[in-house]
Amino acid sequence: MHGFANPKRFQTLASWLTPLLLVAGLVLSAGALWWGLTQVSPDRLMGETVRILFLHVPAAWLGMGGWTAIAISSLVYLVWRHPLAALAARAAAVPGLVFTLICLVTGSIWGRPTWGTWWVWDGRLTSMLVLAFLYAAYIALAQAAAREGVSARIPAIFGLVGAINIPIINRSVVWWNSLHQPPSITMGNSAIDGEYLAPLLVAVVGFSLIFGGIVLARMRALLADIQAEARLRRRASEAV
Amino acid sequence: MSALKPKHQRLILVVLALVALVGAGLLAAYALRNQANYFYLPEQMQADPPAVGQAVRLGGMVEQGSLTTDNDGVTLRFAVTGNDGSRIPVRFSGIAPDLFVEGSGVVAEGRLGPDGTFVADNLLAKHDENYVPKELEGMSEMQAAKMAEETTVGIE
């Protein structure tokens with residue numbers, strides 16, 4: 001584990017892993033979306049609108065997965081002080097927010113024809129909207145901390161505390177009466193027919209690879225920023 | 001006793017903080033268990049009826065065989081059932097969503113009338129967690145159960 005904390009070794013690894021993840025993810029996602037949007041048959045009740053599933057569900061999982069990554073990285077940063085862990089948390093925030101927004105927008109578009117409404121304030125929808133706000137707050141906080149040169153400990157604590165929302169989102173449809181249906185996929189079981197499940201799982205893998213690629217690319221960009229700034233500062237101090 | 005390494009001190013501190021945080025979250029969720037419900041089930045509404053005329057939501061399953069349309073063509077009457085067999089009759093005038101059918105879930109927004117009938121201003125369809133292609137719909141229950149078994153993925 002400490003081996004990867006070395007920024008130089010990370011750079012070597014990330015320089016070939018980033019394009020690999022992005023290309024594989026794009027190919028898998030495009031294939032899964034083509035499969036889901038054009039090849040599977042309509043649902044018995046929802047008809048054609050079931051196809052939103054293949055965008056909505058992977059986006060929802062990655063929206064929650066993004067914050068889980070922030071929380072784990074924050075924990076690693078707080079305990080082991082790995083500087084790369086703080087960068088990983090910062091890098092996961094923007095793609096996490098984007099996937100959360102995709103989930104909210106596709107869910108709203110899906111809700112109109114199936115439920116008869118764009119939006120309701122039930123447990124699931126509200127907790128997912130809270131997640132989007134948490135992401136926005138985290139991004140602002142982490143950027144402010146980096147700009148002001150404040151310790152990354154403050155955003156890390158926020159990342160850990162915000163993780164309490166993840167199990168709440170997951171359990172919201174079980175604990176409370178909600179308009180959103182209960183989970184279709186639970187430990188070892190799926191209420192989604194195999195015809196839909198296969199492209200869905202491919203889409204989840206593809207989206208996850210894209211997510212990983214974006215995180216690595218953003219980590220490299222943040223590292224480059226830090227190195228450029230350090231070099232400028234060194235040069236400035238030498239000039240004086 | 002040797003002093004703990006700072007790394008381990010931090011680990012213990014963070015774990016304690018997380019335990020406290022999860023505990024607080026669970027307590028908050030427990031306290032919210034009734035307030036955060038989006039609708040009342042029929043049994044909840046019967047056990048603790050809202051004031052007549054108070055805006056509330058009623059949710060449950062549309063009872064099989066209960067759906068009728070009045071002579072005016074736009075007024076629907078049906079019964080919503082809960083988990084324990086309790087039922088509340090509902091009246092609604094307007095356009096129901098496409099997924100509103102007997103045996104399916106519904107959330108009715110409206111108010112409880114003095115005669116115990118729920119008068120809905122709006123209906124929302126609540127669908128279940130099953131996603132099944134159209135071709136499988138006509139299958140017998142046994143076939144469907146077999147199919148469901150086959151499509152159940154084991155993640156062990």
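Reply: The model is predicted, and chain B contains 3 helices and 6 strands. Of the 156 residues in chain B, 25% are buried. The contacts within chain B may be considered next: among those between residues at least 6 apart in sequence, 46% join residues at least 24 apart.

We now turn to the place where the two chains meet. The contact draws 41 residues from chain B and 45 residues from chain A. On the side of chain B that touches chain A, two or more residues are given by each of two elements of chain B, namely α1 (6-31) and β6 (118-126). The largest share of that side comes from α1(B), with 9 residues. By residue class, the side of chain B that touches chain A comprises 22 nonpolar, 8 polar and 11 charged residues.

Helix α2 of chain A covers residues 53-80, a run of 28 residues. From its first C-alpha to its last, α2(A) reaches 39 Å, close to the 40 Å expected at 1.5 Å a residue. Because 23 of its 28 residues are buried, α2(A) is largely enclosed by the rest of the structure. A residue counts as buried here if 20 or more other C-beta atoms lie within 10 Å of its own. After α2(A) comes A:Arg81, which has a positive phi, near 60 degrees.

Note on methods:
Residues numbered from 1 in each chain as written. Chains lettered and ligands numbered in written order. Predicted model: local features only at pLDDT ≥ 70, side-chain atom pairs only at ≥ 80, totals over all residues. Contact = placed C-beta atoms within 7 Å. Helix = DSSP H or I, 4+ residues; strand = E, 2+ residues; numbered from the N terminus. Nonpolar A, V, L, I, M, F, W, Y, C, P; charged D, E, K, R; others polar. Buried ≥ 20, exposed ≤ 12 C-beta atoms within 10 Å, placed from the backbone. Expected span 1.5 Å × (residues − 1).
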